[in-house]
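This briefing covers one protein chain, with the points grouped by topic. Please keep the sequence and the coordinates open while reading.

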Amino acid sequence: MQSRTLKDWGLLATLVVLWGSNFMFVKLGVATVPPATLAAGRLLVAAVTLVAVIRALGYRFPPRGLVWIHYTILAVVGNSLPFFLISWGQQTIDSSLAGILMAIMPLATLLMAHLWVTDERLTRNRAVGFGLGFVGIVMLIGPAALAGLGGSAARILAQLSVLGGALCYASQSVLVRVTLRGDVMVASAAIVAIAAAISLPIALVIDQPWNLSPSTTSVWAVVWMGIGPTAIATLAFIKLIGSAGPTFMSLVNYGVPVVAVFLGVVMLGEAPNANAYTGLLLILTGIAVSQLRRR
């Protein structure tokens with residue numbers, strides 16, 4: 001088994017804190033900033049930050065070619081689309097529940113890696129883990145709601161929207177491994193800059209942000225999400241994938257739901273129901289089982 005360096009564990013801890021706290025800041029942001037504008041705003045802040053850093057350090061973007069197609073795919077799948085889906089969903093559901101729903105990401109990654117990555121086959125333990133995780137998601141959303149027998153339609157759509165964002169992140173983890181080459185700093189800046197270029201005109205058309213009156217709290221939440229959970233986290237994510245691989249990186253999802261629930265309860269006064277905690281336990285158990293190695 002590959003040994004993990006202190007730097008790898010440091011990157012992992014950084015992602016846990018940044019991504020786990022992100023749901024709280026999204027909840028604060030969407031209070032007065034619509035989802036499309038929130039996604040575009042955080043991406044714009046992140047793009048300016050990362051491009052300024054690589055320029056200051058003397059890095060150059062690669063010439064036109066296939067690499068820019070890869071950058072664009074990763075920008076859409078890993079940034080523009082999931083940022084909007086998660087922000088839209090969090091208009092209706094609590095940040096703690098959003099964080100718990102994101103725990104499906106590593107389980108979805110197992111299936112995608114099995115199909116698309118030659119050395120990431122679906123083992124028995126991984127299959128059992130996926131099954132437990134699926135049951136956990138059913139517990140979170142509610143069997144009756146899944147069957148269309150009850151519950152708020154808006155709330156169900158919000159949960160499915162966040163799950164869609166999680167599936168986007170799972171796809172990104174696999175795509176980064178099989179497509180991305182070159183310097184981490186340059187790739188991170190290019191991907192985020194493309195995502196900002198895609199999201200900004202959409203926000204201008206849909207939300208007409210010049211007519212909005214965002215609160216100071218929402219504005220600062222968007223700025224911080226651009227710097228921390230987007231710019232810094234993108235660098236840490238791509239660096240960790242390159243140094244330790246997607247399997248080790250997926251361990252971040254043990255901590256993200258816990259941080260999200262903790263901050264949602266302590267800072268925002270949220271109160272997840274018993275099904276949410278049961279679902280979280282099943283999802284994390286599924287992740288743990290999927291990581292077990294056969295002797």
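Asparagine 79 counts as buried because its relative accessibility is 3%, where buried means under 20% relative accessible area, exposed over 50% and partly exposed in between (1.4 Å probe, protein chains only). The model is a predicted one, in which local features need pLDDT of at least 70, side-chain atom pairs count only at pLDDT 80 or more, and totals for chains, interfaces and linings use all residues. Residues are numbered from 1 along each chain as its sequence is written, and side-chain values use heavy atoms, with hydrogens and water left out.

- Asparagine 79 belongs to helix H3, which spans residues 66–89; helices (H or I, at least four residues) and strands (E, at least two) are DSSP runs, numbered from the N terminus.
- Apart from neighbours within four places in sequence, the contacts of asparagine 79 are Leu43, Leu74, Gln172, Ile191, Val192, Ala195 and Thr234, a contact being heavy atoms within 4.5 Å.

**Overall make-up**

- The protein has 13 helices and 0 strands, and its pattern along the sequence reads α-α-α-α-α-α-α-α-α-α-α-α-α.
- Of its 295 residues, 50% count as buried.
- Among contacts in the protein with a separation of 6 or more, 89% are between residues 24 or more positions apart.
- The accessible surface of the protein is about 13400 Å², and carbon and sulfur atoms hold 69% of that surface; accessible areas come from the Shrake-Rupley method with a 1.4 Å probe, and for residues only the protein chains shown count as cover.

**Confidence**

- The protein has a mean pLDDT of 84, with 88% of its residues at 70 or more; pLDDT is the predictor's confidence in each residue, from 0 to 100.
- Among the elements, the lowest mean pLDDT (53) belongs to helix H7 (residues 143–146), and the highest (96) to helix H2 (residues 35–56).

- Rolling a probe the size of a water molecule over the atoms shows where empty space is left.
- On a 1 Å grid over the protein atoms alone, a cavity is a set of points where a 1.4 Å probe fits but cannot get out, and lining residues have an atom within 4 Å of a point.
- Grid points are joined across faces, edges and corners, and a volume is the space filled by probe spheres set on the points.
- By this rule there is 1 cavity of 30 Å³ or more, and the volume of the largest cavity is about 290 Å³.
- The lining of the largest cavity consists of 20 residues, and Trp19, Phe83, Tyr169, Gln172 and Pro229 are the ones nearest its centre.
- Gln172 is also one of the contacts of asparagine 79.
- At least two lining residues each come from helix H1 (6–29), H3, helix H8 (153–179), helix H10 (216–244) and helix H12 (252–268); H10 gives the largest share, 6 residues.
- By type, the lining holds 12 nonpolar, 7 polar and 1 charged residues, with Ala, Val, Leu, Ile, Met, Phe, Trp, Tyr, Cys and Pro counted as nonpolar, Asp, Glu, Lys and Arg as charged, and the others, Gly among them, as polar.

**Buried positions paired across the sequence**

- Alanine 103 sits in the loop between helix H4 (95–101) and helix H5 (105–116), and is buried, with a relative accessible area of 0%.
- Not counting residues up to four places away in sequence, alanine 103 touches Pro257, Ile283 and Ile287.
- The C-alpha atoms of alanine 103 and glycine 286 are 9.9 Å apart in space, and the two residues are 183 apart in sequence.
- Leucine 280, in helix H13 (residues 274–291), is buried at a relative accessible area of 10%.
- From leucine 280 to glycine 133 the C-alpha to C-alpha distance is 8.7 Å, across 147 residues of sequence.
- Leucine 163, in helix H8, is buried as well, with a relative accessible area of 12%.
- Leucine 163 and isoleucine 104 are 59 residues apart in sequence, with their C-alpha atoms 7.5 Å apart.

**Exposed and partly exposed positions**

- Leucine 66, in helix H3, is exposed because its relative accessible area is 56%.
- Leucine 66 and threonine 179 are 113 residues apart along the chain, and their C-alpha atoms are separated by 10.0 Å.
- Glutamine 208, in the loop between helix H9 (184–207) and H10, is partly exposed at 37% relative accessibility.
- Glutamine 208 is not a glycine, yet its phi is positive, at about 45 degrees.

How values were computed. 1 Å grid on protein atoms, 1.4 Å probe; cavity = no way out; pocket = protein on both sides within 12 Å on 5 of 7 lines; lining within 4 Å.
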